[in-house]
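Please walk through the structure shown below, starting from a single residue and ending with the whole chain.

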Amino acid sequence: MKQNLKDKVCLIIGGTKGIGFEAAKVLHGLGAKVAICGRNTKRAKIAAGTINSDFLNVLYFGCDINKSTDIKRVVSAVIYKWQKVDILIITAGIFGPFGVFESVPFNEHKKTINSNILGTMACCH
């Protein structure tokens, strides 16, 4: 039995490809209103159009998880349009750095931590 998600609003940060995009398709198929975002606005628009070519119950945004102003802008826009967020999915992140720990520059580790941990925390705050 499929669950009906009619009138539920889902925000997916990192929803332009991979697991986030697949989750967006499934949730929209179950009736949810879906807002997807990723760093690339053009890719977000293509993903949203793939989910529903008429963009019915689908929003898209460019958003960098490392920028609190981007996060606030997206959340505000979703709440303005649909008055709430019921489901938050965060799949945005960086894969890497690669190499022996001590041979990778510290700033590469810092970028990953900022994106994968602190960026995710900022979205939930």
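At 16% relative accessibility, Asp70 counts as buried, a word used for residues under 20% relative accessible area, while exposed means over 50% and partly exposed in between (1.4 Å probe, protein chains only). The model is a predicted one, in which local features need pLDDT of at least 70 and side-chain atom pairs count only at pLDDT 80 or more, whereas totals for chains, interfaces and linings use all residues. Residues are numbered from 1 along each chain as its sequence is written, and side-chain values use heavy atoms, with hydrogens and water left out.

Asp70 sits in helix H3, which covers residues 68-82; helices (H or I, at least four residues) and strands (E, at least two) are DSSP runs, numbered from the N terminus. Apart from neighbours within four places in sequence, Asp70 is in contact with Cys63 and Asp64, where contact means heavy atoms within 4.5 Å. A polar atom of the Asp70 side chain lies 2.8 Å from the backbone nitrogen of Asp64.

Helix H2, residues 41-51, has Ala44, Ala47, Ala48 and Ile51 among its buried residues. Seen down the axis of H2, the buried residues fall within an arc of 100°, so they line one face of the helix; the arc is that of the directions from the helix axis to the C-beta atoms. An α-helix has 3.6 residues a turn, so residues three or four places apart point the same way. The N-terminal end of H2 is capped by Asn40, with a side-chain oxygen 2.9 Å from the backbone nitrogen of Lys42.

Next comes helix H4, residues 106-124, which holds Leu118. With a relative accessible area of 43%, Leu118 is partly exposed.

Now the chain as a whole. It contains four helices and four strands, and from the N terminus on the elements run β-α-β-α-β-α-β-α. The C-alpha atoms fill a box of roughly 50 × 30 × 25 Å, taken along the principal axes. Of the 125 residues in the chain, 36% are buried. Among contacts between residues at least 6 apart in sequence, 58% join residues at least 24 apart.

Conventions:
A polar contact is a pair of N or O atoms within 3.5 Å; within protein, one must be able to donate a hydrogen and the other to accept it, and residues adjacent in sequence count only if both atoms are side-chain atoms.
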